[in-house]
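Let's take a walk through this one, starting with the sheet and ending at the ligand. Keep the viewer open as you read.

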Amino acid sequence: MEELQVGIIGLGNVGSGTLAILARNAEQIALKLGFRLKVAAVCSRSVESKQIPPELGDVMRTTDWREVVTHPDVQIVAELVGGTGAASEIIHAAIENRKSVVTANKEIMAACGPEIWDRAIRARINLAMEASVCGGIPIHAVLREGISGDRVTALYGILNGTCNYILTEMEKRGVSMADLVAESQRLGFAEADPSADIDGYDARSKLVLLAALAFGEKITPSDIFMEGIRRITPLDFQYARQLQHTIRLVCGARKTPEGLILFVRPALIPQSTILAGVQGAYNAVWVKGEFGEDTFYYGWGAGALPTGVAVVSDLMRVAREIRNGSPERVSPFAHERLGEYRPVPITLQRRAYYLRFRVEDRPGIIAKLAGILAGRNISLEAVLQEPCNTKHDLPFVITVEQTSEESIRGAVEEMAQLDFMREAPLALPMETAL
Ligand SMILES: NC(=O)c1ccc[n+]([C@@H]2O[C@H](COP(=O)([O-])OP(=O)(O)OC[C@H]3O[C@@H](n4cnc5c(N)ncnc54)[C@H](OP(=O)(O)O)[C@@H]3O)[C@@H](O)[C@H]2O)c1
């Protein structure tokens, strides 16, 4: 049987998962393609210590990625290194050498994916990035092909498995944020510096890519409103439960008359919605189309083998196109050209809000807060208070009816100045169904 040769750079979690699948599933892959995918070369800084599956046969091993991107027989290079340093050089060098590229790198693709695609078009090679968002969920293929006939109007995602693990464990066990971050680090879910996950940066890069695929806009990551989960406490889950809601880090993209509103933020979502059932390190994406209405995608957002499946499937798709000499490459962004995104301020968004306070208890507090809300035309919906003995640090919650983010921000700023406030109030939007 004929072969098409690939080179794998980066043999960490994703690289090792990719090699395992290419070795253990070689027969199925060949049956599907009609030819074999042969791993010609692998590279990592400590390549000598890596286990290369023996089924792969004779494989060139190197610590120098340049030997892979210039290898005369390699037609597709998989960049599975991560970060924006060497990975960026690898992608550019591969394109220069007219090798197609498969990457799992959300950071690079969110920061300059459209420019890389332009270079790929000029070099007449292909570029694929399924593994960059939601690891094992084939959400790029869905947006690029499966529902590309639809017009997406809104998309909600749970795109960061670490945050989802922390929030769902907090909900189940009532454990603090600090303890859950430490636990995620012990389990290998979170990095030593957990900021990329819990402050929302990782989810934001993924939303840039999904929004480009779904809406055809070229988005600068910093144009997306972003808030992490650091301020969420077990108590917030108790109040959310009373309101028949839960809390998730929601990545949202919604078409409005003003344009596309984008956000990454913790939000209350009704327990009755399908997103609320997404537990632990799972990811999910809920898409609403103008014609096809709701579709929902769920699975592992990370992990060696689920992400490896995405990389191998990309290798197969690109290999097929190379083998068929297809000049009609589909853009990895699902649009021939992306439009320029004009940021729409989140302050225009209207939602009901959950406001959580910690105060030094004294008479007249509710009246004071209600006065501030009334002064901004915000209608109070409910006041909730769990039993609590500590008068000097008393938590309670107020929910308000739909209002603009601008009004709620103004109210929260004013409330934060009150002398009985222990900390600035926490304001979370209450999302409805899509
Ligand atoms: N982990 C996941 O579940 C997951 C899910 C979706 C997407 N991704 C993305 O997949 C990519 C890889 O992630 P990962 O978790 O597999 O990372 P990782 O475990 O840290 O592996 C990175 C690999 O790259 C190698 N490497 C680093 N710098 C290199 C250089 N200059 N030259 C050659 N090799 C180099 C490392 O070599 P040594 O081992 O020899 O140091 C290591 O083998 C990232 O873009 C990540 O965002 C990961």
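This is a predicted model: local features need pLDDT of at least 70, side-chain atom pairs count only at pLDDT 80 or more; totals for chains, interfaces and linings use all residues.

Strands here are DSSP runs of E with at least two residues, numbered from the N terminus, and two strands pair if DSSP finds at least two bridges between them. Residues are numbered from 1 along each chain as its sequence is written, and side-chain values use heavy atoms, with hydrogens and water left out.

Six strands form an open sheet in the order 3-2-1-4-5-6, with parallel pairing. Strand 3 (60-62) and strand 6 (127-128) are the edges, each pairing on one side only. Further in, strand 1 (residues 3-9) runs parallel to strand 2 (residues 36-43), and seven bridges join them. To find your place in that pair, look for Glu3, which stands opposite Arg36 in strand 2.

Which atoms make polar contacts, meaning pairs of N or O atoms within 3.5 Å? A polar side-chain atom of Ser46 sits 2.5 Å from a ligand oxygen, and one of Ser44 lies 3.0 Å from a ligand oxygen. Asn13 uses a backbone N or O atom, 3.0 Å from an oxygen of the ligand. The protein covers 77% of the 910 Å² of accessible area that the ligand has on its own (Shrake-Rupley, 1.4 Å probe).

Technical notes: A polar contact is a pair of N or O atoms within 3.5 Å; within protein, one must be able to donate a hydrogen and the other to accept it, and residues adjacent in sequence count only if both atoms are side-chain atoms. Helices (H or I, at least four residues) and strands (E, at least two) are DSSP runs, numbered from the N terminus.
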